[in-house]
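Subject: Handing over a structure

Hi there,

Please have a look and write back with any questions.

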Amino acid sequence: MISRARIGGAVRAMREAQGLTIEQLAMLAGIDRGNLSRMECGKAGWRVEHVAMIADAMKAKTSEIILMAESSDNDVAAITSKILALPERKRQKLLDFLNE
C-alpha cells in the first residue's frame, strides 16, 4: 500500500513541474485548497476520486501519479515529474526513443 505522504509528494512534484500553485491546482481540480494542502503534506487521506480529479486537472493519468508515488528514489520521482510535464507529443517522442 502506498502511503498518503508518498501520493502527496508525487502530486506536489507534478504540480510544481507544471508551474502550478496549490491554489491553481485546487481550482482546476475542484478541490478545496486547504484539503489539497493537507493531502500533499500527508496529513489527510487520499481517495481515488481525488487522485483522478487531480490527474485530470494536470492532464495526466491517475496511473502516472501512482507510479511516481511508488518510486522510492527522489531522483527518479523528479525525472518522472519532468517527463510527465512534457507536452504529449514530446513525451511520446521520448518514449519512442527509449524503446528503440
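How many helices and how many strands are there in the chain? There are 7 helices and 0 strands, where helices (H or I, at least four residues) and strands (E, at least two) are DSSP runs numbered from the N terminus. Read from the N terminus on, the elements go α-α-α-α-α-α-α. The radius of gyration is 13 Å, close to the 13 Å that the globule rule gives for 100 residues, so the chain is as compact as a globular protein of that length. That radius is taken over C-alpha atoms, and the globule rule is 2.2 Å times the number of residues to the power 0.38.

Before going further, please keep in mind that this is a predicted model: local features need pLDDT of at least 70, side-chain atom pairs count only at pLDDT 80 or more, and totals for chains, interfaces and linings use all residues. Residues are numbered from 1 along each chain as its sequence is written, and side-chain values use heavy atoms, with hydrogens and water left out.

**The chain as a whole**

Along the principal axes, the C-alpha atoms fill a box of roughly 45 × 25 × 20 Å. Of the 100 residues in the chain, 34% are buried. Here buried means under 20% relative accessible area, exposed means over 50%, and partly exposed is in between (1.4 Å probe, protein chains only). The chain exposes about 6300 Å², and carbon and sulfur atoms supply 55% of that area; accessible areas come from the Shrake-Rupley method with a 1.4 Å probe, and for residues only the protein chains shown count as cover. Among the contacts with a separation of 6 or more, 55% are between residues 24 or more positions apart, a contact being heavy atoms within 4.5 Å.

Helix H4 covers residues 48–57, and Val-51, Ile-54, Ala-55 and Ala-57 are buried in it. Seen down the axis of H4, these buried residues fall within an arc of 160°, so they line one face of the helix. The arc is that of the directions from the helix axis to the C-beta atoms. What covers them includes helix H1 (4–17), helix H2 (22–29), helix H3 (33–40) and helix H5 (62–70). On the other side of H4, Val-48 and Asp-56 are exposed.

Lys-59 is exposed, at 71% relative accessibility.

Which residues of H5 are buried? They are Glu-64, Ile-65, Met-68 and Ala-69. Their arc around the axis is only 135°, which puts them on the same side of H5. Leu-67 and Glu-70, on the other side of H5, are exposed.

**Salt bridges**

Side chains of opposite charge can pair when their charged atoms come close. A salt bridge is counted for a side-chain nitrogen of Lys or Arg within 4 Å of a carboxyl oxygen of Asp or Glu, and by this rule there are 6.

One of them joins Arg-12 and Glu-40, with the closest N and O atoms 3.5 Å apart. This pair links distant parts of the chain, as Arg-12 is in helix H1 and Glu-40 in helix H3, 28 residues apart. Is Glu-40 buried or exposed? Glu-40 is buried, with a relative accessible area of 3%, while Arg-12 is partly exposed at 26%. Arg-12, Arg-15 and Glu-40 are linked in a network of salt bridges.

Another salt bridge pairs Arg-33 with Glu-23, with the closest N and O atoms 3.0 Å apart. Arg-33 lies in helix H3 and Glu-23 in helix H2, so the pair ties together parts that are 10 residues apart in sequence. Both are partly exposed, Arg-33 with a relative accessible area of 39% and Glu-23 with 41%.

**A nonpolar patch**

Leu-95, Phe-97 and Leu-98 make a nonpolar surface patch of about 310 Å². Patches are made of residues with over 30% relative accessible area and no salt bridge: like charges are joined within 9 Å, and nonpolar side chains (Val, Leu, Ile, Met, Phe, Trp, Tyr) within 5 Å. Leu-98 is in helix H7, which covers residues 88–98, and is exposed, with a relative accessible area of 54%.
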